[in-house]
Amino acid sequence: MTVEEKRAWIMAAVSPGAFAVYAAIILVRAGGAPLRDVPYVSTMLWTIGISIVVSIVLHIVAAITSGADAHKKDVRDREIYRFGDTVGQVFIFLGAVAAMGLAMAEVSHFWITHVIYLGFAVGTCLGSLAKIAAYRDGIPDC
Amino acid sequence: MRTRVTNTIRALRFARGEMTQAELGDRIGVTRQTIIAIEQGRYSPSLEMAFQIARVFGVPLDEVFQYADGDAK
């Protein structure tokens with residue numbers, strides 16, 4: 001497995017994992033109260049910060065533990081990277097559009113922030129899964 | 001997703017003194033994983049890469065790559 005494929009696995013796991021941990025913390029903290037009243041900003045920033053650090057550490061570990069051959073990158077890697085990014089960007093775009101709709105409807109900042117975060121998490125995860133699928137089965141004709 | 005482009009790279013490698021996938025990859029500037037993906041029909045090389053592969057083996061392009069019969073998309 002190349003380093004690029006390992007990176008895709010790492011992002012496919014870390015991004016939704018961080019969101020799940022964050023969501024669990026917020027739900028426990030709410031304890032049945034309305035979610036929009038739960039303080040979330042520092043928890044979200046810490047979760048995002050820690051997930052970035054964890055993914056960097058895992059990328060370093062993946063790079064160290066891979067053979068020299070696995071570090072090479074070519075045109076296929078670049079095509080797969082572009083394909084995965086395109087898939088991921090669709091969900092980031094949908095999250096942004098949903099957030100814009102919520103802002104226009106003057107919904108609580110809590111929901112706008114979380115729709116954007118969810119869009120990033122889903123986009124990163126599905127983009128990475130698309131890369132993994134492309135490495136395993138090839139890039140689909142689009 | 002399997003490509004309809006089939007190839008004889010594996011046979012040609014063995015006919016050329018059991019050339020390794022890594023060696024072929026080095027000759028045309030791609031990774032061993034890409035050669036594996038091409039051989040298994042999981043990746044269609046660009047026309048330029050296809051010509052480079054044919055040149056390594058010293059054969060015409062259609063001796064390396066074939067396009068399966070059937071309705072074209």
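This is a tutorial dialogue on reading a predicted two-chain model.

Q: What kind of model is this, and how are residues and chains labelled?
A: Residues are numbered from 1 along each chain as its sequence is written, and chains are lettered from A and ligands numbered from 1, in the order in which they are written. This is a predicted model, where local features need pLDDT of at least 70, side-chain atom pairs count only at pLDDT 80 or more, and totals for chains, interfaces and linings use all residues.

Q: How many helices and strands does chain A have?
A: Elements are DSSP runs, numbered from the N terminus: helices are H or I with at least four residues, strands are E with at least two. Chain A has four helices and zero strands. Its order from the N terminus is α-α-α-α. Along the principal axes, its C-alpha atoms fill a box of roughly 55 × 35 × 20 Å.

Q: What share of chain A is buried?
A: Burial is a neighbour count on C-beta atoms placed from the backbone: 20 or more others within 10 Å of a residue's own is buried, 12 or fewer is exposed, and in between is partly exposed. In chain A, 27% of the 142 residues are buried.

Q: How do I read contacts by sequence separation in chain A?
A: Two residues are in contact if their C-beta atoms, placed from the backbone, lie within 7 Å. Take the contacts in chain A with a separation of 6 or more: residues 24 or more positions apart account for 80% of them.

Q: What span should helix H2 of chain A have, and is it buried or in the open?
A: The expected span is 1.5 Å times one less than the number of residues. H2 of chain A (residues 41-65) has 25 residues and should span 36 Å; its end C-alpha atoms are 36 Å apart, which agrees. The number of buried residues in H2(A) is two, so this helix lies largely in the open.

Q: What about helix H3 of chain A?
A: H3(A), residues 75-104, has 30 residues and should span 44 Å; its end C-alpha atoms are 43 Å apart, which agrees. The buried residues in H3(A) include A:Arg76, A:Asp77, A:Ile80 and A:Gly84. A:Gly88, A:Gly95 and A:Ala99 are buried there too. Their packing partners are helix H1 (3-30) and helix H4 (109-137) of chain A, together with H3 of chain B.

Q: Where does B:Glu18 lie, and what is its phi?
A: B:Glu18 lies in the loop between helix H1 (9-15) and H2 of chain B. Its phi is positive, about 55°, although B:Glu18 is not a glycine. B:Glu18 counts as exposed, with 8 C-beta neighbours inside 10 Å.

Q: How is chain B built?
A: Chain B has five helices and two strands. From the N terminus they run β-α-α-α-α-α-β. The radius of gyration, taken over C-alpha atoms, can be set against the globule rule, 2.2 Å times the number of residues to the power 0.38. For chain B it is 12 Å, close to the 11 Å that the rule gives for 73 residues, so chain B is as compact as a globular protein of that length. Its C-alpha trace spans about 35 × 25 × 20 Å along the principal axes. Buried residues are 25% of the 73 residues.

Q: How do I describe the packing of H2 and H4 in chain B?
A: Two packed helices are described by the angle between their axes and the distance between the axes. Here axes are lines fitted to C-alpha atoms, for helices over the stretch in contact, and angles run from 0 to 180 degrees between N-to-C directions. H2 (residues 21-28) and H4 (residues 47-57) of chain B pack at about 120°, with axes 10 Å apart. B:Leu24, B:Arg27 and B:Ile28 in H2(B) meet B:Met49, B:Gln52, B:Ile53 and B:Val56 in H4(B).

Q: How many residues does each chain bring to the contact between the chains?
A: Chain B brings 13 residues and chain A nine. On the chain B side, helix H3 (residues 32-39) gives the most, with four residues.
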